Amino acid sequence: MKSPEVAADVPVPGLDLDAIREFGPFRAYAQDVRVDSGVIPDKQVKTHCCFCGQQCGIELKVKGNTIIGIEPRYDFPFNRGMLCPKGVKRYLQQAHPDRLLSAYAKDSNAPSGFRRLPYEEAIRRVADEIQRIQTAHGPNAFAVLSGASLTTEKTYLMGKFAHMCLRTSNIDYNGRLCMVSAGAGNKKAFGVDRAANPWSDILETDVVLVAGANVAECAPITTNYIWQARERGAKVIVVDPRITPLARTADLFLPVKPGRDTALFNGILQLMIENDWLDHDFIARHTVGFEALAREVRAWTPQRTAEVTGVAERSIRRAAELWGTAKSSFLMHARGIEHHSHGVHNVLSTINIVLASGRIGRRGSGYATITGQANGQGGREHGQKCDQLPGGRELANPEHRAYIAGLWNMEPDELPQPGVDAYEIMRKAHAGEIRGLLSICFNPVVSLPDNNFVRAALEKLEFFVTIDFFMSETSRYADVVLPGSLQEEDEGTVTQVEGRIIRINKAVECPGDAREDWRIIQDLARALGRERGFTFQSPGEIFEELRVASKGGICDYSGVTYENIEKHDGVFWPCPSETPAGIPATSAQGTLRLFEPDSWNPIARGAGPFYFPDGKARFNVTPYVGPAEDVDADYPVILTTGRVVSQFLSGNQTRRIGPLVDHYPEPRVELHPKLAARLGIAHGDWTTLRSRRGTLTVRASVVSTIRPDTVFVPYHWGGRKSVNQLTISAQDAISKIPEFKVCAVNVVKADGPPEYATQLEPQQ
Amino acid sequence: MTREVTRALGWASAVTAGLALLILLGSRKLEHFDAALVAYTFSIVFATFGLTYRYTMWLSRPPTALYWRRGWQAFLLGGHRLRNARSWFARVTLDVLLNRFILRRDRLRGLTHLLIMWGCTLAVAITFPLVFGWLHFGPVPGNLSMYQAVVFGFVAFRFPHDSWVAFLLFHGLVWASFLVIAGVMLAMRRRMREEGAGAVQRFAEDFMPLLLLFAVSVTGLMLTASYTWMRGYGFTFISLLHACTVIGTFVWLPFGKFFHVFQRPAQLGVSFYKDMGRLGDKAHCRRCGHAFSSRMHVLDLIAVERQLGFKYEIPGSPAEHYQWVCPPCRRASFAVAQGLLWRDQRGGAPLSQTHEPQAMPAQANPGLGSGPLGPEDAENFHP
Amino acid sequence: MPVPETREFFLDASRCIGCQSCVQACAECDTHKGQSMIQLDYVDRSRSTQTLPVICMHCDSPTCAEVCPADAIKRTEDGVVQTARKPRCIACNNCVLACPFGVPKMNTRMNLMMKCDMCYDRTSVGLKPMRASVCPSQALAFGTREEIAALRPGARPVNTFQFGAQTIRTKVNVLVPKAAANEIIDVTAAMYEPPLGRDLLDDMSEPGRSPA
Ligand code: SF4
Ligand code: SF4
Ligand code: SF4
């Protein structure tokens, strides 16, 4: 066996014991005022959970400047009082002992590697470095990484800051690891990127197809929607390499081999065509491109599909029949089919079977991708993507440039050209092309694939600044860390999974030197001497500008007001403030459902329901291409990654919440008893996984709920517990999403416990 | 009248008679008996009857009877007596005298309980002997500056009437009422303040005893105030009031919350029973095969359940009696039974049998406060 | 004093997805903050993701109360079996071992049995028990019979259980399919039955092929 090809200069993640001692992660449990049942809260603030794109309504109970507990919002229509464990315990992240209360600067003399810095001095220093780097190496030498857990106001401001203040092309966001395949697929097929239906449509559907989404753990509230549909007799089909809790009692389970989703859906479409389970009328009137697609999928006979996907032929036939003959249906997918080097094709292949069935744009029938992050939807709309301007506009489109430049009071030519994606930013940093980086709401050291490379890239930066509320694994590489705000310390809006814009309300003040992220960004603009356009006094003011910026764009927020959001429990975009004569005004609640037969949109202008000039949806030819790295003799097992219900993304927050850590303390590798038996691994054994990029040793969890050719490790941990040491940085050609869901590894029983086992607490 | 009632009445009469006899003896045929206290005496005699009756009734419940017997057996177990005596002292000191387990439930609650408990104990220790005529104070004949304490008719010790000993002794009840009042205040505060406590409390069960204690202490203090500073103003009325509250408390004793004072020591028996259980065989669950609890405890419970009329026998099953199934397997069986009913409506099928015995269910979250609440739980739920 | 409660608990364990919201929410309850009273287990995680949420069923004649030597467990007039009275419970473990549903927990350090109270503190002020509210699968549901009938047209509540020769009726309901003939759920009959799940190999195209 070849040993992993780790470049000699790649730093092996250290145990960072001193940094951990000072900054955690440590676990917080409810104590003192939080367990004193005699304490009456000063106020209860209506807001939303900060984790995951479903954005359940909750109320935070506040005493002084501490959140002492939560109460679900029984009246919020999406969750009606339901919450997952993260929502129940999210309050423990506030008033946390690990909270950053001041700015920090790297200091090799300090044991933890950092010393405190007065806030003003920190801002000065960051501005000077930006100035220096941009003067010496051009504006693009300084890059910005942002995130989709920020409020939409902040994401707008980040885009504006990069494009207008820094004039750098290089801004991208962590949705690059999350929503972009779905986004690109939706744009290609529908011309717009939003869940086509509100979740209430799931309740009325006959067939629910869930592809690559561990709904029970990653979008728990959606479970009830699916179960309620089943109460009415709906059939549930689950496509996943693991028997997820939803799959256990699903009506049909297709244990697809990771990376073969396009083949599966092509095969299903072929069966639909063969059996004429098509809506010819819909195809003819509302779509283009079916013939080409039909030619392409002809080769996908059930036998071949079964062979490639690893799913029993009879199950594929049954799936096609259930789907093909349904009266109404709802298809949803998530990262399981999107995190691939051909993620956009996977997405398009599912959209193809939706369009072929004609079941979209009506009550009880539809399609959606399940957003992952808190603002996974809103965060991808208003200009923090490398090629994007607010309102879902394009940085490469002259008209769009002109509109935004006008609003921002600058020449269109002064706007930078489209930049590169988040991973490419790392590559450019590694290559020395990008020399400075500002990162907010992003923990690439944990969340990017092949993160040994990411570490090396960060080490090469001349200057790296992060805005963080806890010292994340990434911030430990920063030269300056600025203390930002938690979700509950600021207000604004986010757009949740259904495309519903909702209000985040401020419950407590930022502690110590910490302040709202938008203030920090504006302080930087001021220190740079370019404060024009960065003098907002509140998120509300940013939102007002955002409304104008999005006006006329696809993601049109111009008719949305904070008041209407409160009044209607959210507003669905598009919600234009005005429509052309003869077109009924959009209701105050916005557009619940997209693509309704007679709907109007600014692209089609009445030609049809879809967002193309002809109003028609596009079938896309989706040839099957295997994963970038397939198994071979040296690395014979497929590694796939994902989440557990108690943790959120890189765990910077949830690994600090004690009861959630207890729930699933440390990463484990799931493997099938057959595989385990062959490798001589027993449940609980320390097991080493090696890929061409790195090594990981974790305990084995021997369960027969996973394909025998695949192993699974959740990705929420950092350092030596991070499975992203192994994953591959191969990216989708269109969306640039990395292939988190497939790479080849070699699995052996470890000689003994890894070094971290005795030195670190489980969450560290 | 059932046998238990007859027996309980018998015991109650006997113990009450015994007390009466002691009063006669201790007060030298009522020679030292303070006639003003006769109402108090009667209320205590009544309480004694009531308490004994209730205690005997309580002991005749099958589970209590069994624990009573087993507790003593365990305590007197050959070869362990010395160790048992030692741990008896430790447990009495820590749990009974120092309220360790209550302090662990909540520090403030522990303090509350300590205050009330020691206040009452002090008061009882002073008043009962006085009321029964077992103890009385009087001037030393011929020496007006000296006082003497007479116990059961014998002079116990003497002290000058203006000494601090005298001050402490004569104001003993004042100190006691301070402790009790502080405790009652804390308890009231908690009951008013905490939503949780507020929801489950009942007036008779939870407030009544506090009110009674409060009334006794306050009227007692008023008495002291009256004769110390107010030249006996309203003394007769206050003493009547005080008498009423005290008598009320005693009469209430066998019925209300105060009964726990007599019940609680059973905890000691339980701890010895558990010690004995640990020495013996383990029970093995007849579903998953893992050890849980002690075999003795399971056998005892089977006997108790039979006496109570439960029919947990499972005819024709290898388990024989449901008590041989551990708590996690009970939960699993319950959920599996429900799940199986849905087998044709929802997806999934019964998995093929590969385990013999059945797999052991595992707590989903073994973390603090989420899974087992202590080592004992962990044992029963075999981690 | 509690308002008359017309809402009841309805348990449908087979909907459970094991997310532990209930566990985490239960520990938020004011009467036992920081400690969860719910029991959530994996039947057999090595083969199935099935989880079982079990809460106190509030039996009509509660075994836990009857076997309690200290008389610490009381049943209210409206059928709620309350957790042990703190002054009385002597931590003997009888209730833990005897409860037919395996519900009570024992807090050894505090010498106290603890179990679900049906969130007396919340229901008495009109709130739902938090763990039933939060449950994302609504395996634990709380509502009136009418509400549940509307939400679960295919199901029917049953509250009688068989354990060997013993029949137990409870205040808490379990949902069974409308089509099922059972009026009684026989728990001990299912004791040696395998759990419901699926064998992944059945749905694979070449289960025989070795993974390498
Ligand atoms: S993480 Fe998602 S599902 Fe869980 S409570 Fe928060 S918003 Fe709801
Ligand atoms: S379910 Fe168990 S704990 Fe609850 S009342 Fe019945 S016997 Fe008691
Ligand atoms: S909250 Fe509901 S779905 Fe989650 S573990 Fe509890 S019962 Fe199961």
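# Two interfaces, worked through

Chain A and chain B bury about 940 Å² between them, with 39% of this on carbon and sulfur atoms, where buried area is the accessible area (1.4 Å probe) that two parts lose on being put together, summed over both. This is a predicted model, in which local features need pLDDT of at least 70 and side-chain atom pairs count only at pLDDT 80 or more, while totals for chains, interfaces and linings use all residues. Residues are numbered from 1 along each chain as its sequence is written, chains are lettered from A and ligands numbered from 1 in the order in which they are written, and side-chain values use heavy atoms, with hydrogens and water left out.

## Exercise 1

Describe the side of chain A that touches chain B.

Step 1. Begin with the contacts (heavy atoms within 4.5 Å): 13 residues of chain A meet 12 residues of chain B. On the side of chain A, Ser37(A), Gly38(A) and Asp662(A) lose the most area to chain B, together 38% of what that side buries.

Step 2. Look for a salt bridge (a side-chain nitrogen of Lys or Arg within 4 Å of a carboxyl oxygen of Asp or Glu). The count between the chains is 1, and Arg346(B) forms a salt bridge with Glu231(A), whose closest N and O atoms are 3.3 Å apart.

Step 3. Turn to the helices (DSSP runs of H or I, at least four residues, numbered from the N terminus). Both α7 (222-231) and α23 (658-663) of chain A supply at least two residues each to this side, and α23(A) gives the most, with 3 residues.

Step 4. Sort by class, with Ala, Val, Leu, Ile, Met, Phe, Trp, Tyr, Cys and Pro as nonpolar, Asp, Glu, Lys and Arg as charged, and the others, Gly among them, as polar: the side has 3 nonpolar, 4 polar and 6 charged residues.

## Exercise 2

Describe how domain 2 of chain A meets domain 4 of chain A.

Step 1. Locate the domains, whose bounds come from an automatic or database assignment: domain 2 covers 103-178 + 383-550, and domain 4 covers 637-759. Their centres, taken over C-alpha atoms, are 30 Å apart, and the contact takes 22 residues from domain 2 and 26 residues from domain 4.

Step 2. Consider the area, about 1,900 Å², of which carbon and sulfur atoms give 50%. Val446(A), Pro449(A) and Asp450(A) supply 26% of what domain 2 buries against domain 4, more than any other three residues.

Step 3. Find the charged pair: Arg655(A) forms a salt bridge with Glu473(A), the closest N and O atoms being 2.9 Å apart.
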